[in-house]
Amino acid sequence: MAWLDMSMEKKMMKNKALSGHLMALACILIWGFAASFTKILTNNLPNGTVQIVRSLMCYGFLCVLNHDSIKLSFKEELLYIGCGFFGKALYQIFELNAYSRIPASIASVLISTSPVMIGILSMLIYKEKLSKWFIPGFIVSIAGICMISITGVANLNADPVGLLFAILVAMTYAIQTMIIRKILALPINVTASTRRITFWGIVFTIPIMLATHESFDFTGILTLENVIAFLYVGLLSSAGTALLWNFSITILGAVKTSIYIYAIPVVAVIASMIILHETITPVILAGIAITIVGVILSGKK
């Protein structure tokens, strides 16, 4: 009966791997469309309102899913504080500033360059060796970013500051990824970890918003369009995908899971054309393609 046990074990492993791939794919599709819904909110409401409502919705949902307390050492708590600061507070503030200033399609492509920055940080922090393809891929992706940025500013009136914010989003995501690697190694429930990170994100978000004089106006949040957008970015995109993505990483590993990130800009561009009716010029489309090729090339082993 040993062969039967081995066969059952292999089948269970395949099913587990399949569930990991499906969760990662679901995250990519949700994140791709989230760019358009975030753009809708930044068009209708102040960034401060969007940030606070989205964060509180996400945290409330996670509290419903898991309200167990977790005990952490001081060093472990610092990991959650750092992840909340970079991965939630700064990431989302930079993201809203990017989407409020430039087309969602351009912002999503620039943000998708985060794997290149993850590679650089992995080399600097974890002393991981870069593949021979990394430098060529990095150069290609930078060329694509330049095409998108120059054409976007010249033809689509894209705000250069918005382009900078999109790059900063990619950088903060890369920093968050470095910290997440250490957090996922801790023997703590994924949902509880995600809730803790979101809590620290809110703690840092409020003073940053006040210090930067962000405006808050809650009178227009209950329109049908805004409610749908908030449900999407506050629950599905923020809380739901955070859980699915972390579960996927635990099943497939960070390397296999991160491959799916390359598909986000493709989904985001298609979504922005369908939902927002954004115009994509041939030069920008070529820049998007070049950027994606560069990012994929940089991750090749």
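Here are some friendly notes on a predicted model, taken point by point.

1. **Cysteines and disulfides.** Let's begin with the sulfurs. How many disulfides does a search of the whole structure find? The count is 0. Take Cys 27: this residue is in no disulfide, and the nearest cysteine sulfur, that of Cys 58, lies 13 Å away. A disulfide needs two cysteine sulfur atoms within 2.5 Å, so you can check the distance against that cut-off yourself.

2. **Cys 58, seen from its own side.** For Cys 58, the closest cysteine sulfur belongs to Cys 63. The two sulfurs are 9.5 Å apart, which is too far for a bond.

3. **Buried or exposed?** Buried means under 20% relative accessible area. Cys 27 has a relative accessibility of 0%, so Cys 27 counts as buried. Cys 58 comes out at 2%, and therefore counts as buried too.

4. **What the lining is made of.** Which helices each supply at least two residues of this lining? They are helix H2 (47-65), helix H3 (74-99) and helix H8 (190-211). By type, the lining residues divide into 5 polar, 2 nonpolar and 2 charged.

5. **Ser 114.** Now to another part of the chain. Ser 114 sits in helix H5, which covers residues 114-126. Is Ser 114 buried or exposed? Its relative accessibility is 3%, so Ser 114 counts as buried. If we leave aside neighbours within four places in sequence, Ser 114 is in contact with Ala 170, Tyr 173 and Ala 174.

6. **Ile 40.** Helix H1 (residues 2-44) is the place of Ile 40. With 11% relative accessibility, Ile 40 falls under the 20% cut-off and therefore counts as buried. Which residues does Ile 40 contact, leaving aside its neighbours within four places in sequence? They are Glu 225, Ile 275 and Leu 276. Also have a look at Leu 231: Ile 40 and Leu 231 are 191 residues apart in sequence, while their C-alpha atoms are 13 Å apart in space.

Key:
Residues are numbered from 1 along each chain as its sequence is written. This is a predicted model: local features need pLDDT of at least 70, side-chain atom pairs count only at pLDDT 80 or more; totals for chains, interfaces and linings use all residues. Side-chain values use heavy atoms; hydrogens and water are left out. Buried means under 20% relative accessible area, exposed over 50%, partly exposed in between (1.4 Å probe, protein chains only). Helices (H or I, at least four residues) and strands (E, at least two) are DSSP runs, numbered from the N terminus. Contact means heavy atoms within 4.5 Å. Ala, Val, Leu, Ile, Met, Phe, Trp, Tyr, Cys and Pro count as nonpolar, Asp, Glu, Lys and Arg as charged, and the others, Gly among them, as polar.
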